[in-house]
Amino acid sequence: MMDGGQPIPSPLVPLGNLSDSSMSLEQKTTFVFVILLFIFLGILIVRCFRILLDPYRSMPTSTWADGLEGLEKGQFDHALA
């Protein structure tokens, strides 16, 4: 209290009644859902960076041409050039 007037409100203390400051069930559910979305987003970001840093680690070792024999295996090589 400065100058004997009204107290200066703190930004950390809500202006309403303290008993009304608790979150409702809907607000709590939304808050938990948003936190879960941020966790999921973080996991996806980490996974994408890992793929960008080492893209060949996540690829399977076999290819579509493993089962082909002889001429069938290389018949599309000339079309890529």
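Modeller: Let's start with a term: a salt bridge is a side-chain nitrogen of Lys or Arg within 4 Å of a carboxyl oxygen of Asp or Glu. By the way, this is a predicted model, where local features need pLDDT of at least 70, side-chain atom pairs count only at pLDDT 80 or more, and totals for chains, interfaces and linings use all residues. Residues are numbered from 1 along each chain as its sequence is written, and side-chain values use heavy atoms, with hydrogens and water left out.

Colleague: What makes D54 and R57 a salt bridge?

Modeller: Their closest N and O atoms are 3.6 Å apart, and the cut-off is within 4 Å, so the pair qualifies. A search of the whole structure finds one salt bridge.

Colleague: Why is D54 called partly exposed?

Modeller: Its relative accessible area is 33%. Buried means under 20%, exposed over 50%, and partly exposed is in between (1.4 Å probe, protein chains only), so D54 is partly exposed.

Colleague: And what makes L41 partly exposed?

Modeller: L41, which lies in helix 1, has a relative accessible area of 43%. That residue also belongs to a nonpolar surface patch, along with others including F33 and L52.

Colleague: Which helix has the highest mean pLDDT?

Modeller: Helix 1 (residues 25–53), at 95, where pLDDT is the predictor's confidence in each residue, from 0 to 100.

Terms used
Helices (H or I, at least four residues) and strands (E, at least two) are DSSP runs, numbered from the N terminus. Patches are made of residues with over 30% relative accessible area and no salt bridge: like charges are joined within 9 Å, nonpolar side chains (Val, Leu, Ile, Met, Phe, Trp, Tyr) within 5 Å. Accessible areas come from the Shrake-Rupley method with a 1.4 Å probe; for residues, only the protein chains shown count as cover.
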